[in-house]
Amino acid sequence: MTLALPKEMPVGRPIEAVTNRAAVTTVAPVTAAAGAAGARAQAERPLLYVSRTPDDTLIAHLQSRGWHVAVARSAHDLGRLVKTDVACAGIVDLASFSLRDLGGLEASLRQQQIGWIALATSERITDPEVRRLVRHYCFDYVKVPVANATIDYLVGHAFGMVTLCEPELAPPVDESGDDEMVGTCEAMQQLFRTIRKVANTDASVFISGESGTGKELTALAIHERSPRRKAPFVAINCGAIPHHLLQSELFGYERGAFTGASQRKIGRVEAADGGTLLLDEIGDLPLESQASLLRFLQEGKIERLGGRESIPVDVRIISATHVDLEGAMREGHFRADLFHRLCVLRVDEPPLRARGKDIEILAHHVLHKFKIDSARKIRGFTPSAIEAMYNYNWPGNVRELINRVRRAIVMAENKLISADDLDLAQFTEQQTMSLAQAREAAEKRAIEAALLRHRHRLNEAAADLNISRVTLYRLMGHHGLREMGAVDDKPPFGADDPVQE
Ligand SMILES: Nc1ncnc2c1ncn2[C@@H]1O[C@H](COP(=O)(O)OP(=O)(O)OP(=O)(O)O)[C@@H](O)[C@H]1O
Ligand SMILES: [Mg+2]
């Protein structure tokens, strides 16, 4: 699956951001809702209610509130009722299904045109599988018993959210296929789902990920899928601007504010009014600017340097960094109060090495896009080039892959790009890998992917892998994964606890 980027440029975008990328992102999976507007009945809003034991009073209440309720008692029934071209609300009564039956619901929960609300008991919501389904696919959940009016309110909200994603409201898709965000693996699919969900809110988003993983692309995708997409997307790289200039870059200045200030300058925050401000490399923001930014986030107003006026500014803040901000907070380099304001919603970019088959898909995508750079007709990659790409660790992630493939297109002497052309010849040696080594490598990849999926929450990652937290922790040590920026990497047992597997 790819996310296509239309070429139109948003108004008021600063030169820095423009030169960085000449396109704006839209999230492609919206096509699942194609035709929804036409098909939706105006008077009655469609609602799917899936429960083993449907509650007749709830159904009657929803009908009286203008919902056209379709009831499914099983995953099979639900599958038959789901229409991919109709936006609707959904209630999934997770409490009524046995844990074994939950898996069957997932395909329908995944449908993007349905705004799901989950019903669960206090006990059921502690189950990792239930939590995962709610987190991935539902707008909200409520613990039962709950007032019918509350459910009505929540489904109304969820329905509103999915209709926001309808295609006629989305920006046009670039048919040429240029500048796409490519991703088919589960981690990227989850990222796309997250992008769609966070785009519909105004809350601050914090994007964390290694260098070159696509943080800026994700920020653009969020902006372009948000109701603010017609307003500017302004990016500022907090690490690239000298500290003494950052304050005036962010907030602007009045004429005469300092020597050389011959005319008023609008800062980046103000330039983003109505739109989205990306604070890139937020970890590099000096403490002084952190204080001003926090003040702005609290008050929603800025003051230009040398000015007396407080100017209200309405921006959605997205921040991004490749550094460990939690560590920076512990060391006192980053204010915790600011971090909590910035990180209302968190997005984690998976590193390229954890994206499995996407590595190959991305390589072909880049080849297709840039092969025009070569006089020769390059058809693809040799098997050992592909193998090397899987063996390599990609510290520079997607950006590095793009650079290596572009360079190889120029350097290649044959119709197929070799591992040597990619400068990865030494990573083909593992052709003679023993079965034990192959198992070892596969185990490491699976653990990395689970940790990423669950943002380093060990309990959940362990449940996903069907191993105990203790085993997971031990294997993380074995594979050198304890350094991966865990939020939850304390040992899973006290010093005196017996270690059980
Ligand atoms: N999923 C993807 N599909 C296609 N291209 C991608 C994808 N992710 C990133 N890219 C491309 O990789 C390059 C790096 O992306 P981007 O600048 O968004 O990364 P970043 O995480 O902000 O990097 P840095 O930490 O160095 O600032 C860009 O050219 C971007 O278009
Ligand atoms: Mg970046």
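Two strands count as a pair here if DSSP finds at least two bridges between them. With that in mind, welcome to this predicted model, in which five strands form an open, parallel sheet in the order 9-12-15-8-16. A second open sheet, also of five strands and parallel in its pairing, has the order 3-2-4-5-6.

**The chain overall**

- Of the 501 residues in the protein chain, 38% count as buried.
- Take the contacts in the protein chain with a separation of 6 or more: 75% of them come from residues 24 or more positions apart.

**The sheet 9-12-15-8-16**

- This open sheet is built from five strands with parallel pairing, and its edges are strand 9 (233–237) and strand 16 (345–348), each of which pairs on one side only.
- From one strand to the next, the twist averages 20 degrees.
- Strand 8 (residues 205–208) and strand 15 (residues 316–321) run parallel and are joined by four bridges.

- Strand 2 (residues 45–50) runs parallel to strand 3, with six bridges joining them, and Y49 stands opposite V71 in strand 3.
- Helix 3 (residues 56–64) packs on the sheet, where it touches strand 2 and strand 3. The direction of helix 3 makes about 150 degrees with that of strand 3.
- Six bridges also join strand 4 (residues 88–93) to strand 5, again running parallel, and A89 stands opposite G115 in strand 5.

**Strand 5, covered on both faces**

- Strand 5 (residues 114–120) is mostly covered, with seven of its seven residues buried.
- In a regular strand, side chains alternate between the two faces of the sheet.
- On one side of strand 5 are I114, W116, A118 and A120, on the other G115, I117 and L119, and all are buried.

**A look at H136**

- You will find H136 in helix 6 (residues 128–137).
- A residue needs 20 or more other C-beta atoms within 10 Å to be buried and 12 or fewer to be exposed; H136 has 17 such neighbours inside 10 Å, so it counts as partly exposed.
- Leaving aside residues up to four places away in sequence, H136 touches Q190 and R193.
- L109 lies 27 residues from H136 along the chain, and the C-alpha atoms of the two are separated by 8.9 Å.

**The surroundings of ligand 1**

- Ligand 1 is surrounded by 17 residues, the closest being V182, G214, K215, E216 and V398.
- Strand 7 (181–182), helix 9 (215–225) and helix 17 (397–411) each supply at least two residues of this shell.
- Sorted by class, the shell around ligand 1 has six nonpolar, seven polar and four charged residues.

Conventions. Residues numbered from 1 in each chain as written. Chains lettered and ligands numbered in written order. Predicted model: local features only at pLDDT ≥ 70, side-chain atom pairs only at ≥ 80, totals over all residues. Contact = placed C-beta atoms within 7 Å. Axes fitted to C-alpha atoms, helices over the stretch in contact; angles between N-to-C directions. Near = placed C-beta within 6 Å. Nonpolar A, V, L, I, M, F, W, Y, C, P; charged D, E, K, R; others polar.
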